[in-house]
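Visitor: I have a two-chain model open and want a quick tour. Can you walk me through it?

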Amino acid sequence: MASAATSTAVRTARHVVALRHTARRGGDVRAELAPVIDELRDELAPSMSKRQAAAVIGVSVPTLDKWIDRGLLPVDVAPSGRSRVQRDPVLDLAERVEDLRRAGETRHLVAAAVDRMLREDPQYQHEFDELYGPGLAAMREGDFVSAAPGTDFGRED
Amino acid sequence: MRTDRANSVRALAQTWRVPNFEVIVPRAVRPLVDQLAGQRAGYGEVYAQFERDPCAEHLGAYRLAGPLEPAVCGLHLRNGWRLAFTMQPPEHPRGRRRVIILLVARREPRHRASDAWTILHDLFGVENPPKAHHKPPCCQASVPDISDDTLDGFLREVQILTRGRRRGRS
């Protein structure tokens, strides 16, 4: 039902990543692009599905899963019980993966990009925990319960 | 030898009993399921069949018409009760597919405020098609499929509705 919205979100996120690259040239370009990048980023929801995140970064969902499982990308659980990946870390990661691609790297891109983020910013993991830890713990309980009939249901109920 | 065979048969039987589908309901909708106790609506049988195969023909589930057609199936329980559900693939490769019960309510076309299909369409924020339709089997062309965003929107509305009702009671 929402495939068009999904592809629009992925496209917008990719535009943000591409513009960030261009903005790194510095000077006037950076100043001119900054508000455009912010505006585009704000059009995106604060989190996205794993499929969307994988498409933005340009990797498979299992690859993304691996890094989520290792705690290197923060996720939260939506009311539907599905994992949602935080937008900003996805954009950061996509930008670094793009760096590696442009440098000719083709393998283990996410691993290398996360490694680079960790090396560049030792607070990376710590900040994720600080930012998302308590909220995630509260949301992991989920909003779904079993639909099994209760003990007070009779045979014909 | 006999023990080994008995054990393997038992293990196989155990495997067969593992439900194919996880049948769940939003926490806020669970009270609607609970109200079926004593109503002789046949929900227990439907639940058991959902765990095995929600697409089984004898269950009689049908696809809704209108804007919810891609995403939601309906089912007639006994004594005028209706059930709306959707399905989602497993989140993990080894997980089970999910049947999500969205709503259980009576069909009351003359009382829009309590009519199952009116409430359902309101919660999704879409138009309830005015005319009856031919009710194709739920899984005839494909299984119903709901996006996470659509489901999240629905759940938000359910939570708002139930919060409102709780406030109204107090």
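Guide: We will take the chains, the sheet, the cores and a few details in turn. Keep in mind that this is a predicted model.

Visitor: Start with chain B. How many helices and strands are there in chain B?
Guide: Chain B has 5 helices and 5 strands. Along the sequence the pattern reads α-β-α-α-β-β-β-β-α-α. Of its 170 residues, 32% are buried.

Visitor: What share of the contacts in chain B is between residues 24 or more positions apart?
Guide: They account for 60% of the contacts with a separation of 6 or more.

Visitor: Now the sheet. What is the strand order?
Guide: The order is β4(A)-β1(B)-β5(B)-β4(B)-β3(B)-β2(B). These 6 strands form an open sheet with mixed pairing.

Visitor: Which strands stand at the edges?
Guide: β4 of chain A and β2 (62–63) of chain B. Each has a single partner strand, so one side of each is left without a neighbour in the sheet.

Visitor: How does the strand from chain A pair with β1(B)?
Guide: β4 of chain A, residues 144–146, pairs with β1(B) in the antiparallel sense, over 3 bridges. A:Ser146 has B:Ile24 as its bridge partner. A:Val145 has B:Val25.

Visitor: And which helices pack on the sheet?
Guide: α3(B) lies across β1, β3, β4 and β5 of chain B. It runs at about 130° to β1(B). α4(B) packs on the sheet too, touching β4 and β5 of chain B. The direction of α4(B) makes about 125° with that of β5(B).

Visitor: How many residues does the largest nonpolar core have?
Guide: It has 46 residues. Among those with the most contacts inside it are B:Leu83, B:Phe85, B:Ile101 and B:Leu103. Elements of chain B that each supply at least two residues include β1, α2, α3 and α5. The largest share, 7 residues, comes from β5(B).

Visitor: Over to chain A's helices. At roughly what angle do the axes of α3 and α5 of chain A cross?
Guide: They cross at roughly 30° and come within 8 Å. That makes α3(A) roughly parallel to α5(A).

Visitor: Which residues meet there?
Guide: From α3(A), A:Ala53, A:Val56 and A:Ile57. From α5(A), A:Val90, A:Leu93, A:Ala94 and A:Val97. By class, that contact has 7 nonpolar, no polar and no charged residues.

Visitor: Back to the two chains. How many residues of each are in contact?
Guide: 31 residues of chain B are in contact with 21 residues of chain A. On the chain B side, β1, α2, α3 and α5 each supply at least two residues. α5(B) gives the largest share, 7 residues. The chain B side divides into 16 nonpolar, 6 polar and 9 charged residues.

Visitor: One last spot. Is B:Thr150 buried or exposed?
Guide: B:Thr150 is buried, because 22 other C-beta atoms lie within 10 Å, and the cut-off for buried is 20 or more. B:Thr150 lies in helix α5 of chain B.

Visitor: How far is B:Thr150 from B:Phe124?
Guide: C-alpha to C-alpha, they are 7.8 Å apart in space. In sequence they are 26 residues apart.

Notes
Residues numbered from 1 in each chain as written. Chains lettered and ligands numbered in written order. Predicted model: local features only at pLDDT ≥ 70, side-chain atom pairs only at ≥ 80, totals over all residues. Core = buried A, V, L, I, M, F, W, Y, C linked by C-beta atoms within 7 Å. Buried ≥ 20, exposed ≤ 12 C-beta atoms within 10 Å, placed from the backbone. Helix = DSSP H or I, 4+ residues; strand = E, 2+ residues; numbered from the N terminus. Axes fitted to C-alpha atoms, helices over the stretch in contact; angles between N-to-C directions. Parallel < 35°, antiparallel > 145°, perpendicular 65-115°, else oblique. Contact = placed C-beta atoms within 7 Å. Nonpolar A, V, L, I, M, F, W, Y, C, P; charged D, E, K, R; others polar. Pairing = 2+ DSSP bridges.
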